[in-house]
Amino acid sequence: MALVEVQVPDIGDFDEVAVIELLVKVGDTVKAEQSLITVESDKASMEIPSSTAGVVKELRVKLGDKVKQGSVVLVVEAAGAAAAPAAVALAPAGVAPAALAAPAPAVAPAAAPAASGLIDIHVPDIGDFKDVAVIEVFVKPGDTIKVEQSLITVESDKASMEIPSSHAGVLKELKVKVGDKVNIGDLLAILEGSVAVAAAAVAAPVAASVAAAPAAVSAPTAVALAAIAVAAPAHAPGASTQGLPHASPSVRKFARELGVPLEEVKGQGPKGRITQDDVQAFTKAVMSGATQTKAQAAKAPAGGGDGAGLGLIPWPKVDFAKFGPIERKEMGRIKKISGANLLRNAVMIPAVTNHDDADITDLEAFRVSTNKENEKSGVKVTMLAFLIKACVAALKKYPEFNSSLDGDALVYKNYWHIGFAADTPNGLMVPVIRDCDKKGVLQISQEMSELAKKARDGKLGPAEMTGATFTISSLGGIGGKYFTPIINAPEVAILGVCKSTMEPVWDGKAFQPRLMLPLSLTWDHRVIDGAAAARFNAFLGQILSDFRRVLL
């Protein structure tokens with residue numbers, strides 16, 4: 001075992017960039033080329049990778065520190081032989097160091113345009129990196145562009161940069177859009193220029209910076225190098241008309257995975273930078289109903305939910321206090337956000353409910369005996385776990401119940417994720433158990449118990465409440481006979497179950513005491529018809545009365 005100092009590699013002709021994010025902590029096991037910190041210049045942010053694998057023993061930098069080439073980032077206890085020099089370790093797998101040392105051919109400069117001629121603007125040399133994504137467009141046709149004014153922002157896995165214009169003029173045509181992938185030499189825009197400007201004015205300094213870098217510079221670092229090499233933009237970074245959020249590439253990727261509109265997140269980091277914690281906090285606030293995204297607000301019914309948006313007469317406004325004493329309490333956050341969804345689903349879905357009873361006498365006896373046999377395991381099997389497995393079997397036999405409407409098409413899902421309604425102090429929540437077809441009753445029971453506890457403690461994450469293909473709402477031992485659950489869009493059906501009761505059932509010769517479970521199946525009539533719903537309920541009842549049918 002050897003202690004190795006991991007240093008900042010050559011990041012070009014730039015001195016003292018600020019540390020804006022720490023991606024590891026003492027005790028973490030890191031891999032070679034794993035990102036350790038994020039640094040930022042006035043035009044680019046980049047993630048500095050590790051030159052060796054091992055365990056982090058000491059951090060030598062903190063947020064706000066300024067670092068440059070050779071600064072020690074951290075100390076790693078490397079496994080096996082001592083780590084290779086940072087210069088070699090940073091070279092990406094499969095790329096010879098010599099290849100990185102040689103500059104990519106500069107884009108051939110266009111001929112000096114005549115006055116008021118059309119000028120093609122290309123992507124300059126951005127290092128040995130291919131297919132970087134366009135994540136922001138600063139300009140639009142008709143804009144007057146200055147030399148070196150930023151046109152677009154591109155992003156790799158570890159660096160983001162602004163691409164400037166090599167000429168001045170009026171933008172006649174934009175050749176890229178957000179989401180496109182670009183490479184060196186790609187045509188970005190066409191300008192109508194008024195002055196002859198060397199096309200290589202920007203590309204040459206960028207290529208020179210990359211060429212001057214030592215052989216060890218990795219691809220992500222080379223991309224960042226190019227970004228730093230270009231001149232300052234004509235507009236202030238982060239203040240463009242498009243308003244790209246102030247966040248590192250890894251945070252932007254994290255936000256995209258969660259579906260978070262990053263422009264609506266308020267950054268708590270240095271200079272308003274958005275951190276991963278900010279994205280998580282925003283997600284929790286939306287899920288709890290404490291805030292709404294702009295998209296949610298735009299979809300809210302006109303008139304504040306009073307019915308006017310549906311063409312109905314306004315909701316009655318009454319001074320209740322004039323009739324007697326009152327107490328006013330604000331609704332909980334979860335009820336506020338779920339209420340809007342329930343109203344939409346109840347109004348927009350033509351829902352029908354079928355009521356049935358299932359004989360679970362034998363299944364309940366089996367459940368009780370199973371719990372006695374597994375007392376030491378600590379896993380308590382509930383009837384709901386059996387219901388989940390039974391529903392999966394029914395969904396496989398009748399796949400339209402496991403589908404969703406997408407415009408005029410029906411999307412059939414080849415996975416079976418079951419949501420179950422959990423009663424919590426803050427309101428109703430619906431955790432989701434994934435891949436129930438691949439799990440046994442004991443595993444489902446354990447996961448259900450863990451998710452229900454997280455729901456009660458308010459610790460459910462967004463991923464644990466999304467993706468369900470079918471939902472079960474169980475009133476368990478509370479009571480009741482039948483009810484009409486509201487479908488959880490975009491699902492097309494939901495099963496409601498109430499408390500089972502002993503009832504006399506005629507067996508052809510005499511009445512026998514049987515434990516009967518009330519079933520209430522609500523379904524979307526746009527997708528399902530009455531005959532299919534009756535068959536689904538009947539098949540589900542057969543499985544519950546003889547659970548061996550699950551194996552068929």
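Two strands pair if DSSP finds at least two bridges between them. By that rule, an open sheet of 4 strands runs in the order β1-β8-β6-β3, with antiparallel pairing. This is a predicted model: local features need pLDDT of at least 70, side-chain atom pairs count only at pLDDT 80 or more, and totals for chains, interfaces and linings use all residues. Residues are numbered from 1 along each chain as its sequence is written, and side-chain values use heavy atoms, without hydrogens and water.

**Sheet**
- Strands (E, at least two residues) and helices (H or I, at least four) are DSSP runs, numbered from the N terminus.
- β1 (2–7) and β3 (29–30) are the edge strands, and each pairs on one side only.
- β6 (residues 54–59) and β8 (residues 72–78) pair in the antiparallel sense over 5 bridges.
- Glu58 has Val75 of β8 as its bridge partner.

**Lys25**
- Lys25 sits in the loop between β2 (17–22) and β3.
- Its relative accessibility is 54%, so Lys25 counts as exposed (exposed is over 50%, buried under 20%, partly exposed in between; 1.4 Å probe, protein chains only).
- Leaving aside neighbours within four places in sequence, Lys25 is in contact with Val56 and Leu59 (contact means heavy atoms within 4.5 Å).
- The C-alpha atoms of Lys25 and Val55 are separated by 9.7 Å, at 30 residues apart along the chain.

**Helix pair**
- α10 (residues 383–397) and α12 (residues 530–545) pack at about 135 degrees, with axes 9 Å apart (axes are lines fitted to C-alpha atoms over the stretch in contact; angles run from 0 to 180 degrees between N-to-C directions).
- The contact includes Leu387 and Lys397 of α10 and Phe536 and Leu544 of α12.
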